[in-house]
Amino acid sequence: MVTEKNSQPNLSRRSFLLKSTQLVLGLGVVSVPTISCAKALEKRSLSFFHTRTQKELTLTYASGNTYDRKALTQVNQFLRDYQTGQVHVIDPKLLDILWAIQGEMGSKGVYEVISGYRSPRTNKGLRRSSGGVASHSLHMKGQAVDIQFSGANIDQIHQCAMAMQSGGVGYYPKAGFIHLDSGQYRTW
């Protein structure tokens, strides 16, 4: 490390960002930049229970800046369309949002999945039978999930996701779930 005349260390940009990230993470603050910085620092794991299929999945899907392809394939299969069985690629950014919310809440709970990927056919059927289903839903692109989280109520998840401002946040208190997606930040 180079020292200037005033004896203050001359930190490189990388070490400054690392120290800043450690400070922010130590304070428990989560934001979009923190998610990016945190990804470089640790393994990211999630646990799921699918309420429709009754299946469970716990895995480490990424380490540092590297996503585990096998784990992502497992996630794609797990979050498949529960009505048709069709599998679609799930956006890793969506997993990072779930991981960040989990970290912010200080819990290693289980995400209870109501709906992950939806085929156009399933989405169309849901639009006919219930309100609030978008015709161009991000579920059809593998960018959305409807969830609950063990160890936290949906109000806590909602507040946490709103504070992060990363992706879409839909609040469905009567139905008992939160919609999260990796699209642009918006709320409803």
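Which residue of β8 stands opposite G168? The residue is R186.

## Basis of the model

This is a predicted model, in which local features need pLDDT of at least 70, side-chain atom pairs count only at pLDDT 80 or more, and totals for chains, interfaces and linings use all residues. Residues are numbered from 1 along each chain as its sequence is written, and side-chain values use heavy atoms, with hydrogens and water left out.

## Overall make-up

The protein has six helices and eight strands. Here helices (H or I, at least four residues) and strands (E, at least two) are DSSP runs, numbered from the N terminus. Along the sequence their pattern reads α-α-β-β-β-α-α-β-α-β-α-β-β-β.

Of the 188 residues, 41% count as buried. Buried means under 20% relative accessible area, exposed over 50%, and partly exposed in between (1.4 Å probe, protein chains only). A contact means heavy atoms within 4.5 Å. Among contacts between residues at least 6 apart in sequence, 54% join residues at least 24 apart.

## Strands β6, β7 and β8

Strand β6 (residues 168-172) runs parallel to strand β8 (residues 186-187), and two bridges join them. Two strands pair if DSSP finds at least two bridges between them. β6 and β7 run antiparallel and are joined by four bridges; in β7, H179 is the bridge partner of G170. The two strands β6 and β7 form a hairpin with four residues between them, and G176 in the turn has a positive phi of about 80°.

## The surroundings of D181

D181 is part of strand β7 (residues 177-181). Its relative accessibility is 1%, so D181 counts as buried. The side chain of D181 makes a polar contact with the side chain of R186 at 2.7 Å. A polar contact is a pair of N or O atoms within 3.5 Å; within protein, one must be able to donate a hydrogen and the other to accept it, and residues adjacent in sequence count only if both atoms are side-chain atoms. The D181 side chain also reaches the backbone nitrogen of G183, at 2.9 Å.

## Helix α3

In helix α3 (residues 69-78), the buried residues are A71, L72, V75, N76 and F78. They cover an arc of only 165° around the axis, which puts them on the same side of α3. The arc is that of the directions from the helix axis to the C-beta atoms. An α-helix has 3.6 residues a turn, so residues three or four places apart point the same way. On the other side of α3, R69, K70 and T73 are exposed.

The cover over the buried residues of α3 includes β1 (43-50), β2 (56-63) and α4 (92-104). D68 caps the N-terminal end of α3, with a side-chain oxygen 2.9 Å from the backbone nitrogen of K70.

## Aromatic pairs

The whole structure holds five aromatic pairs. The rings of Y61 and Y67 have centres 6.2 Å apart and planes at 25°, so this pair is stacked. Rings of Phe, Tyr and Trp (its six-membered ring) pair if their centres lie within 6.5 Å; planes under 30 degrees apart count as stacked, over 60 as edge-to-face and the rest as tilted. Y61 is buried, at 0% relative accessibility, whereas Y67 is partly exposed, at 25%.

Y111 and F149 form a tilted pair, 4.6 Å centre to centre with 55° between the planes. Y111 lies in strand β4 and F149 in strand β5 (residues 144-149), so the pair ties together parts 38 residues apart in sequence. Both residues, Y111 and F149, are buried. Together with F48 and F78, Y111 and F149 form one aromatic cluster.
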